[in-house]
Amino acid sequence: MMDLLTLTVLLLSGISLTLPLLQLTKFKIVSAYILASVLALSLFLIVIYGLNPVQNQLSPSLLASDTLGSFFAAIAIGVTLFVTLASIDYIRTPNTAIYYSLLGFTALGMLLLSFSKDLLMLFVSWELMSFPTYVLAGIDKKRRSNEAAVKYGIIGAMSSAIILYAISIAYGIAGSTQISDVVRALSARHDIIVAVSILLFVAGFGFKMSIVPFHMWIPDAYEGAPATVSTLFAAATKKSGFVAAIRVLLAMTTVYAVTNNTFFTVSNILAVLALLTMTLGNVAALTQRSITRLLAYSSIAQAGYILVGFVPFAVSPLSYDAQIGLTGSLFHILNHAVMKGSAFLVAAAVLLKLRRADLDSYNGLAKRMPIASFTLAISLFALAGIPPLNGFWSKLYIFLSVASGPYLWLAIAGVLNSAFSLGYYAWIVKRMYLDEPEKPDRVDEPLSFVIIFAVLTALIIGIGIFPQVFINFITGAVNSFI
Amino acid sequence: MNTLADFIFVSSILFAVGIYGLIVKRNALRLLFAVEIMINAANINFVAFEQYLWNNAVGQAFVLFSIALAAGEAAVILAIIVVAYRINKDVDVSELSSLGG
């Protein structure tokens with residue numbers, strides 16, 4: 001009897017490999033429906049697996065069997081499912097079947113990455129996740145889409161080269177690529193070479209996580225790529241950077257401080273990176289003229305909030321604050337996937353119908369596309385953290401976790417940033433609901449988008465009203481990691 | 001006789017060359033070469049550590065994976081650069097500024 005993880009991996013890889021064959025037939029668009037149903041089935045299987053993880057038979061030494069992995073895998077597969085459904089109306093390319101096959105491979109890469117517990121598996125699945133996204137960013141073969149693909153491709157290749165070098169140093173120290181062995185070996189040493197390895201890991205994962213010194217490709221890639229693909233970047237592949245960081249870096253910080261110096265500790269470095277990331281993201285978002293760039297900068301700011309939750313873990317991993325912080329971070333990763341996914345998909349719907357992405361095209365949108373406007377308003381309020389929407393609860397957990405320790409200033413900065421971000425979120429809502437549209441005609445919204453919007457809005461409000469269900473699952477995931 | 005330190009020295013020089021190339025060069029093909037140099041620096045590290053310290057074949061297995069992945073990466077990015085050349089008649093990344101970034 002196969003366990004569910006093995007079954008999901010085989011299912012997704014089999015479908016992704018065979019979908020390109022449909023390119024040879026007349027029924028290319030069928031590939032979208034096949035992929036969507038397979039992803040829905042995988043999502044179901046992986047959630048069931050996460051509730052009761054058993055030893056996987058695929059490769060117990062390479063893949064962990066824990067709730068943390070299935071939590072991230074469920075987010076990745078769920079986002080890919082929504083992106084697939086939205087792409088049916090949105091993507092116009094001759095290579096339809098190839099497009100959906102690449103989406104399947106990205107989901108498979110993120111699935112394997114979430115579970116990997118060996119640096120070899122982590123690197124291979126990181127690349128399996130990255131290659132298809134380079135192509136997806138440039139699927140349009142137009143100037144903007146291609147420019148995004150070139151920039152994203154070269155930066156992505158650089159980040160994987162940096163990760164590879166970090167892994168090579170870790171292997172030199174540990175003599176093994178099992179993450180648990182690497183962590184144990186690194187903890188026994190306190191010299192500069194270990195610090196170099198950790199910093200290279202931070203840089204490599206930081207590019208995908210959109211932490212501030214490594215964020216410059218994000219706005220270009222998100223704006224240039226087709227909006228559905230940007231949804232995938234913001235809501236799914238970025239989360240894979242976080243799961244890699246949790247699996248490797250947080251495990252390392254539990255046992256090692258970069259130097260014996262009391263100022264350059266891992267927690268201080270994480271705190272400063274978090275502060276820079278959320279502040280710069282929010283300030284830069286304020287001046288943007290296009291919705292996709294604005295959402296890209298807001299996505300950078302949200303990465304800063306998620307990073308705040310890691311700080312108490314780096315201070316003392318077994319404390320109660322660390323558990324609260326990590327729970328808040330994981331919860332915010334889930335919430336961010338839902339909120340940012342729905343905001344980007346609204347941008348996709350508006351791009352599809354009005355062919356514009358500048359903020360002026362959102363003036364009076366509530367009269368022209370009421371369902372899309374309502375969804376965008378809800379997701380923007382959730383991003384700003386207004387109760388009782390889902391973003392409020394995860395931010396509450398994150399800021400509470402740092403409020404009682406030496407990092408109180410980080411909690412204050414986070415709350416101020418949240419208030420500040422409401423400025424530009426509310427500004428868009430004001431444009432949609434209070435300003436007059438240029439043309440007052442009603443634009444019909446595609447049925448597939450309406451269904452997606454309904455589900456995502458229900459998720460945002462539902463998670464906000466019943467956060468305890470999700471927090472229980474996440475606490476299980478956190479406990480499986482600690 | 002070569003020691004482990006020699007190999008580590010060569011590999012860190014190669015990594016630095018790669019970083020230098022990524023920062024200074026503006027031709028997309030040269031940027032790709034710089035990334036490949038960085039990947040090969042890591043490969044030298046793996047083989048040297050395996051040969052001098054551990055002798056457990058993990059390093060060499062990792063290098064085989066990384067060579068295959070680097071080839072795949074080069075193929076994907078070269079394909080994207082070919083499309084860029086068809087659109088712009090140029091592969092200079094500083095000319096790519098229609099997105100304003």
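Predicted model: local features only at pLDDT ≥ 70, side-chain atom pairs only at ≥ 80, totals over all residues.
Biologist: What radius of gyration does chain A have?

Modeller: The radius of gyration is taken over C-alpha atoms, and the globule rule is 2.2 Å times the number of residues to the power 0.38. The C-alpha atoms of chain A fill a box of roughly 70 × 50 × 40 Å along the principal axes. For 482 residues a compact globule would be near 23 Å, and chain A agrees with that at 21 Å.

Biologist: What percentage of the residues in chain A is buried?

Modeller: A residue is buried if 20 or more other C-beta atoms lie within 10 Å of its own, exposed if 12 or fewer, and partly exposed in between, with C-beta atoms placed from the backbone. Of the 482 residues in chain A, the buried share is 63%.

Biologist: How many of the 24 residues of helix 3 of chain A are buried?

Modeller: The expected span of a helix is 1.5 Å times one less than its number of residues. For the 24 residues of helix 3 of chain A this gives 34 Å, which agrees with end C-alpha atoms 34 Å apart. This helix is mostly covered, and its buried residues number 22.

Biologist: Against which helices do the buried residues of helix 2 of chain A pack?

Modeller: The buried residues of helix 2 of chain A include A:Leu35, A:Leu39, A:Ile46 and A:Tyr49. Contact requires the C-beta atoms of two residues, placed from the backbone, to lie within 7 Å. The partners, also in chain A, are helix 1 (4-18), helix 3 (67-90) and helix 4 (96-115).

Biologist: Which residues have the most contacts inside the largest nonpolar core?

Modeller: A nonpolar core is a set of buried Ala, Val, Leu, Ile, Met, Phe, Trp, Tyr and Cys residues joined through C-beta atoms within 7 Å. The largest one has 222 residues, and those with the most contacts inside it are A:Tyr165 and A:Val311.

Biologist: Which residues of chain B does A:Tyr165 touch?

Modeller: Residues up to four places away in sequence are not counted here. In chain A, A:Tyr165 touches A:Leu200, and in chain B it touches B:Phe15, B:Met38, B:Ala41 and B:Ala42.

Biologist: Is A:Asn390 buried or exposed?

Modeller: A:Asn390 is in helix 17 (residues 390-403) of chain A. Among the residues it touches are A:Asn335, A:Ala382 and A:Ile460. With 29 C-beta neighbours inside 10 Å, A:Asn390 counts as buried.

Biologist: Is A:Arg355 buried or exposed?

Modeller: A:Arg355 is in the loop between helix 14 (320-354) and helix 15 (365-368) of chain A. Although not a glycine, A:Arg355 has a positive phi of about 60 degrees. It has 8 other C-beta atoms within 10 Å, so A:Arg355 is exposed.

Biologist: What is the radius of gyration of chain B?

Modeller: Chain B has three helices and zero strands. Its C-alpha trace spans about 50 × 25 × 20 Å along the principal axes. The globule rule gives 13 Å for 101 residues, and chain B is more spread out than a compact globule because its radius of gyration is well over that, at 17 Å.

Biologist: Which helix supplies the largest share of the side of chain B that touches chain A?

Modeller: In all, 37 residues of chain B are in contact with 34 residues of chain A. Helix 1 (4-24), helix 2 (28-54) and helix 3 (58-88) of chain B each supply at least two residues of that side of chain B. The largest share, 15 residues, comes from helix 3 of chain B.

Biologist: How many residues of the side of chain B that touches chain A are nonpolar?

Modeller: Ala, Val, Leu, Ile, Met, Phe, Trp, Tyr, Cys and Pro count as nonpolar, Asp, Glu, Lys and Arg as charged, and the others, Gly among them, as polar. On this side of chain B one residue is charged, eight are polar, and the nonpolar ones number 28.

How values were computed. Residues numbered from 1 in each chain as written. Chains lettered and ligands numbered in written order. Helix = DSSP H or I, 4+ residues; strand = E, 2+ residues; numbered from the N terminus.
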